[in-house]
Amino acid sequence: MKNNLRSELNDLRRPALLLKAARFGAAALMRAGRARPAGVQGSLSRLLSEEAELDEKRRDGEAGYSPRRHIELLMTLLVEAQERQAV
């Protein structure tokens, strides 16, 4: 699973600004010693699924799309990948 998460994240095609915000937030989480932003819970597979759903909403221009939630999920996935790589 360690390499699978890294591969999945490397294969994501998201807007540069979205990824930049997520990387910045992930770095802040790691500096604070936290693995996840408040309100982000669930298994890794559920987080990946929710992120894919949010990206579809983003691309479709749906009113229910939350950029904040999308960034929080990407932050969490980046931190998880970093922690797995360190193990």
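Let me start with what I mean by a helix: a DSSP run of H or I, at least four residues long, numbered from the N terminus. One caution before we look: this is a predicted model.

Let's begin with helix α2. It covers residues 16-32. How far apart are the end C-alpha atoms of α2? They are 24 Å apart. At 1.5 Å a residue, the 17 residues of α2 should span 24 Å, so the two values agree.

Now look at which residues of α2 are tucked away. The buried ones are L18, L19, A22, G25, A26 and L29. Seen down the helix axis, these buried residues fall within an arc of 130°, so they line one face of α2. Turn to the other side of the helix. There, A16, L17, K20, R23, F24 and R31 are exposed. And just after α2 comes G33, with a positive phi of about 75°.

Next, helix α3, residues 44-60. The 17 residues of α3, at 1.5 Å each, should span 24 Å, and the end C-alpha atoms are 24 Å apart, which agrees. Which residues of α3 are buried? They are L44, L47, L48, E50, E51, L54 and D55. Around the axis they cover an arc of only 165°, which puts them on the same side of α3.

Side chains of opposite charge can pair when their charged atoms come close. How many salt bridges does the structure hold? Nine. I'll walk through some of them.

Take E80 and R36. Their side chains meet in a salt bridge, 3.2 Å from N to O. This pair links distant parts of the chain: E80 sits in helix α4, residues 67-86, while R36 sits in the loop between α2 and α3, 44 residues apart. Is E80 buried or exposed? Its relative accessibility is 13%, so E80 counts as buried. R36 is partly exposed, at 22%.

Now a pair inside one helix. R59 bridges to D55, with the closest N and O atoms 3.0 Å apart. Both are in α3, and because they are four residues apart, about one helical turn separates them. R59 is exposed, with a relative accessible area of 55%. D55 is buried, at 2%.

Helix α4 has a pair of its own. E72 bridges to R69, with the closest N and O atoms 3.9 Å apart. They lie three residues apart, about one turn of α4. Both E72 and R69 are buried.

Some bridges share partners. That joins R14, E51, D55, R58 and R59 into one network. Let's visit two members.

First, R14. It lies in the loop between α1, residues 2-11, and α2. R14 is buried, with a relative accessible area of 17%. Its side chain has a polar contact of 3.2 Å with that of D55. Which residues does R14 contact, beyond its neighbours within four places in sequence? L19, E51, D55, R58 and H70.

Then E51, in helix α3. E51 is buried, at 2% relative accessible area. Its side chain makes a polar contact of 2.7 Å with the side chain of H70. Not counting residues up to four places away, E51 touches L12, R14, H70, L73, L74 and L77.

Two of those names, L74 and L77, lead us to the core. In soluble globular proteins, nonpolar side chains tend to be buried together. Here the largest nonpolar core has 20 residues. L5, L9, L74 and L77 make the most contacts inside it. Helices α1, α2, α3 and α4 each supply at least two residues. Which helix gives the largest share? That is α4, with six residues.

Last stop: L74. Leaving out neighbours within four places, L74 contacts L12, L18, L19, A22 and E51.

Key. Residues are numbered from 1 along each chain as its sequence is written. This is a predicted model: local features need pLDDT of at least 70, side-chain atom pairs count only at pLDDT 80 or more; totals for chains, interfaces and linings use all residues. Side-chain values use heavy atoms; hydrogens and water are left out. The expected span of a helix is 1.5 Å times one less than its number of residues. Buried means under 20% relative accessible area, exposed over 50%, partly exposed in between (1.4 Å probe, protein chains only). The arc is that of the directions from the helix axis to the C-beta atoms. A salt bridge is a side-chain nitrogen of Lys or Arg within 4 Å of a carboxyl oxygen of Asp or Glu. A polar contact is a pair of N or O atoms within 3.5 Å; within protein, one must be able to donate a hydrogen and the other to accept it, and residues adjacent in sequence count only if both atoms are side-chain atoms. Contact means heavy atoms within 4.5 Å. A nonpolar core is a set of buried Ala, Val, Leu, Ile, Met, Phe, Trp, Tyr and Cys residues joined through side-chain atoms within 4.5 Å.
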